[in-house]
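Hello,

Here is the structure I promised to pass on. Have a look first, and my notes follow below.

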Amino acid sequence: MVNQGSGLNLKSDIGTVAGRKMAYLKLLLKEYIAKETLCWAMARILGLPVSQAHYVIVHSEDLEEPARSAGRIDGNSINMAFGIEEASLSINRIDNRRAVERYLTNWKHALACGIFDDWIVNHDRIPDNLLYAGKNCFIMIDHDDALPSDASFDTHSISRVLKLLSLGKNELELHSLSRDTRPILEKSAILILNRFLNGIA
């Protein structure tokens with residue numbers, strides 16, 4: 001059990017329709033669970049790498065004291081948590097920003113991830129919210145700080161991934177990068193619209 005950031009973070013065995021799974025859980029205000037869920041669903045629709053997610057009810061008797069007190073969250077009386085499975089996370093958290101940046105430039109989803117972060121106004125992807133899976137592969141996690149209430153249509157880009165990909169590039173290279181974003185944006189918009197109109201499978 002680790003108590004940090006917003007809410008309560010836990011690692012626990014959970015019951016799912018596919019049997020028992022080990023998962024990382026975030027016991028949060030319901031509005032933050034909704035953000036996590038929406039961002040996870042959109043990322044999955046777009047084919048971005050995210051682990052299998054679950055809603056989990058955390059029983060207070062299963063929490064150690066003093067976690068029991070720390071786990072009481074106003075606005076979440078049923079102790080609902082957002083969880084991601086550990087099974088698909090044979091990966092490591094890299095806390096060193098430069099190490100993340102070194103691998104990130106060769107990650108095939110880097111540009112799509114940067115665009116996605118701009119969409120959801122997510123400012124803290126690097127280094128904390130990418131888990132390294134080896135061979136320039138990452139898993140995207142933690143979106144409860146995305147979709148801030150003060151964001152507007154003309155909010156300037158705050159995607160650290162896009163800023164990293166733009167770093168040190170000349171005008172021609174930046175134009176090429178901008179051109180590469182267009183098909184991703186068009187395909188993403190169509191996928192998101194179609195899936196939400198037809199219901200998420």
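In which helix is D180 found? D180 lies in helix α6, where helices (H or I, at least four residues) and strands (E, at least two) are DSSP runs numbered from the N terminus.

First, some background. Please keep in mind that this is a predicted model, in which local features need pLDDT of at least 70 and side-chain atom pairs count only at pLDDT 80 or more, while totals for chains, interfaces and linings use all residues. Residues are numbered from 1 along each chain as its sequence is written, and side-chain values use heavy atoms, with hydrogens and water left out.

Back to D180: its relative accessibility is 36%, so D180 counts as partly exposed (buried means under 20% relative accessible area, exposed over 50%, partly exposed in between, with a 1.4 Å probe and protein chains only). D180 and A112 are separated by 68 residues in sequence, yet their C-alpha atoms are 9.8 Å apart.

Helix α4 (residues 110-119) packs on helix α6 (residues 171-198) at an angle of about 65°, and the axes are 10 Å apart; axes are lines fitted to C-alpha atoms, for helices over the stretch in contact, and angles run from 0 to 180 degrees between N-to-C directions. From α4, the residues in contact (heavy atoms within 4.5 Å) are L111, A112, I115 and W119, and those from α6 include L177, D180, T181 and I184.

Beyond its neighbours within four places in sequence, F116 touches C39, M42, A43, L46, L48, R125, M140 and H143.

Three strands make an open, antiparallel sheet in the order β5-β6-β7 (two strands pair if DSSP finds at least two bridges between them). Its edge strands are β5 (92-93) and β7, each pairing on one side only. Strands β6 and β7 are joined by 4 bridges, and G134 has C137 in β7 as its bridge partner.

Happy to hear your thoughts.

Best wishes
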